[in-house]
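Please consult the sequence and the structure while reading.

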Amino acid sequence: MSEIPDRVPTPCPSCSPDLETVHEVLTEGAGTLTVRCSECSHVHKIQPEREREVTLDVVVSQGGESFTANVTTPEDETVEVGDEFILETEEVLSTVRVTSVELDGHRRREEAAAEDVETVWTREVDNVAVNVTVHPQDGSRDDSRSITVHVPGDYEFEVGEVEQFGDDEFEIDAFVVRDDAADYDRDRYEMEGDSILAKDAKRIYAYDQQTSAWSAW
């Protein structure tokens, strides 16, 4: 239910039946508000307008798996790729990011009014898996390997920094930004000091800090 404000605009039957004046909200109950006119102090009851709401199907990608949940939102709310919101169900409480908005007929949009949305596709961003391509120190790309690191969504990676996860130690050389990430002006960054949050990273490129190559034996 929407929070009731401290003041509301509404006509006053005593001093301005045809015009709205500011009224102080005194009490709420049984679907009505008891209010006091700021112009003449007349106290009366009104029935506030309630926002019309819609229930949306939400598909959540989480750790390589997915599940479906529902959320309720005002029908004129805009749903947009990149939006983040807290999803609370009996099974999970997590922050998710919108990755796609689907309308009827399987049409995809970057944004749409909630009343027009059939399905909201999302992914969890509280904890994320980040793909890292690790090159040998000698720069040979033939012996590069791919690993996946699991970190909180707000973990920061920075070009030039050395990271260690278990037996893997590498220096970050560049990163590629996800399509649903905001506040980045290009897809790839490779200047020392460039940084990205884990939830925004599509892939990290790095150089191994332990060996020059890997053997099959």
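The model is predicted: local features need pLDDT of at least 70 and side-chain atom pairs pLDDT 80 or more, whereas totals for chains, interfaces and linings use all residues. Residues are numbered from 1 along each chain as its sequence is written, and side-chain values use heavy atoms, without hydrogens and water.

Glutamate 84 forms a salt bridge (a side-chain nitrogen of Lys or Arg within 4 Å of a carboxyl oxygen of Asp or Glu) with arginine 97, the closest N and O atoms being 2.8 Å apart. Arginine 97, at 4% relative accessibility, is buried. A salt bridge also joins glutamate 84 to lysine 199, at 3.3 Å from N to O. Lysine 199 is buried, with a relative accessible area of 16%.

## Another salt bridge

Aspartate 168 and arginine 145 form a salt bridge whose closest N and O atoms are 2.7 Å apart. Arginine 145 is partly exposed, its relative accessible area being 25%. In total, the structure holds 13 salt bridges.

## An open sheet

In the order E1-E2-E3-E4, 4 strands form an open sheet with antiparallel pairing. Strands are DSSP runs (E, at least two residues), numbered from the N terminus, and two strands pair if DSSP finds at least two bridges between them. Strand E2 (residues 16–29) pairs with strand E3 (residues 32–37) over 6 bridges, and valine 25 stands opposite valine 35 in E3.

How values were computed: Buried means under 20% relative accessible area, exposed over 50%, partly exposed in between (1.4 Å probe, protein chains only).
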